[in-house]
Amino acid sequence: MVSLLDIIGPVMVGPSSSHTAGACRLGLLARGLVGGTPQTALLELHGSFARTGEGHGTDKALVAGLLGFRPDDERIRTALEIAEGEGLEYKFEKTTISDESHPNTVRATVVCGPRRAVMVGSSLGAGRVLVTEIDGFPVDITGSFYSIVILAADVKGSIARVTRILSDHDINIATLKLTRKQRGGDAFIVIECDDSPGEEVRDAIRSLAWVRWAMRLDKVSGG
Amino acid sequence: MYKALADAISDAEARGKTLSMVALDLESQDQGRAVADIRASLARALHVMRGAVDAGMTGDMRSNSGLVGGDAAKLVNSTAGPLAETPFHDILVRALAVQEVNSAMGVIVAAPTAGGAGVLPAVLTGLASARGISDERVIDALATAGLIGAVIAERASLSGAEGGCQAETGAAAAMAAGSATEMLGGSPKQAGHATALAMQSTLGLVCDPIGGLVELPCVFRNATGAAIALAAIEMALADIEFAIPVDEVIDVMGQIGREMDVRYRETAGGGLAATPTGRRLAKERLYQIKRG
């Protein structure tokens with residue numbers, strides 16, 4: 001459903017809603033996967049991101065997102081210099097992820113302390129984004145909701161336990177998706193929520209014995 | 001939101017309301033947000049639009065590549081043209097200003113996109129300033145513009161990569177024409193004709209930016225987009241009607257976009273980008289950006 005505020009918006013640093021605002025949102029989501037500003041980030045740019053990214057500030061916008069800046073933050077312009085001060089070591093490479101990948105796609109490998117994550121995401125136009133892969137698991141995260149991503153052993157009743165924690169904390173679920181590479185292997189659970197889950201929700205999920213890790217992703221799009 | 005402008009117009013007529021009122025009512029229902037809350041978001045957008053207009057007029061904005069910048073400041077001081085000292089002249093300045101800010105990584109409102117971000121603020125704030133129109137009525141106009149843009153998104157496209165420049169500055173001109181017609185006292189029906197009149201004149205417009213950058217000709221297409229909007233407003237308020245219904249004009253814009261060769265959809269493979277000078281500029285400027 002198209003909203004008026006999708007059309008009159010977003011408020012953003014130019015010049016391109018797909019190459020700048022969308023790139024910043026992808027950076028924010030990658031940051032969320034490691035829970036803070038990464039110490040190192042490898043950003044592999046595909047397609048138009050690789051070809052015209054520098055002219056559109058895609059590099060600055062991605063790094064700005066990793067630093068936690070939102071698309072309307074004027075610090076995007078100087079994000080590369082700020083990153084040095086914050087101890088974020090970034091590296092850009094041009095790549096072809098696959099022939100089917102969206103023209104504006106990035107693969108981000110980010111490390112923060114003990115956490116390492118590999119995210120593939122695309123900027124679809126008008127600032128909208130889609131994360132399609134996390135640590136090799138296929139996902140579809142738009143950033144229009146608060147999300148919780150969980151890597152867990154594939155055990156019976158896992159969904160029931162997690163959703164119970166959410167309902168106990170009065171969090172409404174918008175979408176829920178579980179994927180796994182094979183039966184009995186690890187399962188990857190993405191839950192998009194209408195309400196922002198607090199740290200206590202994340203910690204309650206992390207305390208489940210079969211959960212390997214759980215992270216909260218901020219809502220990066222929409223009003 | 002409405003999927004046809006005709007539905008919004010007949011709703012507004014039946015209920016004795018403006019397009020902005022029926023759009024805000026439906027948005028409130030769709031999104032579960034209070035109208036006052038939606039208006040507050042639009043008020044923030046207006047604030048940012050005005051900030052971009054002001055920033056762009058100072059003239060020290062330069063894009064990363066150096067291809068554009070400084071032209072709003074040139075025009076603002078010029079009295080050489082036939083439109084000097086008219087609201088029309090002022091609106092052209094504002095459109096250049098906002099788009100120069102965008103190219104220089106300043107803060108703008110994508111309306112509907114960053115590439116077409118200059119048209120709507122130029123037309124609405126320029127007319128508001130010339131006619132002493134209150135912010136509340138400009139916010140109403142932003143809601144009407146959002147309605148028109150939502151219908152275009154639904155029926156056609158708002159992306160240069162999908163539909164060429166007709167889907168970006170063309171859509172922006174259509175949104176500006178319809179919303180400003182209502183802001184100046186036009187009826188919902190007249191706003192519909194203004195939208196159609198603006199859009200018909202950008203049908204087929206290709207997206208051919210030098211080096212693939214949102215700079216050249218985007219800055220100038222925003223100024224001419226604002227000019228097209230003003231022509232459409234002038235005609236619609238005189239009760240001139242466009243015989244092809246507005247939703248059909250929008251549909252055909254989408255169809256032309258789908259049939260448009262990929263070279264003309266933001267890939268810098270055709271049009272101005274592929275001229276000998278366009279290619280040379282792209283090579284030089286992209287090299288300059290890399291060197292920093």
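For the accessibility classes used on this tour, a residue counts as buried under 20% relative accessible area, as exposed over 50%, and as partly exposed in between. Please keep in mind throughout that this is a predicted model.

Across the interface of chain A and chain B, the rule finds 1 salt bridge.

**Second stop: the interface as a whole**

Now widen the selection to the residues in contact between the two chains, which number 29 from chain A and 47 from chain B. About 2900 Å² is buried between chain A and chain B, and 65% of this lies on carbon and sulfur atoms. If you highlight L4(A), I7(A) and I8(A), you have the three residues that supply 25% of the area chain A buries against chain B, more than any other three. Polar contacts are found as well, with a count of 11 residue pairs between chain A and chain B. On the side of chain A that touches chain B, the elements giving two or more residues are α1 (4-7), β1 (11-13) and α2 (17-34). Coloured by class, that side of chain A shows 12 nonpolar, 11 polar and 6 charged residues.

Next, select β1(A) together with strand β1 (residues 107-109) of chain B, which pair in the antiparallel sense over 3 bridges. To follow one of these bridges in detail, pick M12(A), whose bridge partner in β1(B) is I108(B).

Which residue forms a salt bridge with D218(A)? Selecting R70(A) shows the partner, with the closest N and O atoms 3.2 Å apart. D218(A) lies in the segment after β11 (211-217) of chain A, and R70(A) in the loop between α4 (58-66) and α5 (79-85) of chain A, so the pair ties together parts that are 148 residues apart in sequence. Both ends are partly exposed, D218(A) at 40% relative accessibility and R70(A) at 33%.

Then move to D73(A) and R75(A), whose side chains meet in a salt bridge at 2.7 Å from N to O. Here D73(A) is buried, with a relative accessible area of 16%, whereas R75(A) is partly exposed at 43%. In chain B, select D11(B), R15(B), K17(B) and D25(B), which are joined into one network by salt bridges that share partners. Over all chains, the count by this rule comes to 25 salt bridges.

**Last stop: a residue in helix α9 of chain B**

Finally, select T181(B), which is placed in helix α9 (residues 169-183) of chain B. Is this residue T181(B) buried or exposed? Its relative accessible area is 0%, so T181(B) is buried. Leaving aside neighbours within four places in sequence, T181(B) is in contact with G186(B), Q190(B), A191(B), A194(B), I233(B), A236(B) and L237(B).

Conventions: Residues numbered from 1 in each chain as written. Chains lettered and ligands numbered in written order. Predicted model: local features only at pLDDT ≥ 70, side-chain atom pairs only at ≥ 80, totals over all residues. Heavy atoms only, no water. Contact = heavy atoms within 4.5 Å. Buried area = accessible area lost by both parts, 1.4 Å probe. Salt bridge = Lys/Arg side-chain N within 4 Å of Asp/Glu carboxyl O. Polar contact = N/O pair within 3.5 Å; in protein donor to acceptor, adjacent residues only side chain to side chain. Helix = DSSP H or I, 4+ residues; strand = E, 2+ residues; numbered from the N terminus. Nonpolar A, V, L, I, M, F, W, Y, C, P; charged D, E, K, R; others polar. Pairing = 2+ DSSP bridges. Buried < 20%, exposed > 50% of the residue type's maximum accessible area, 1.4 Å probe, protein only.
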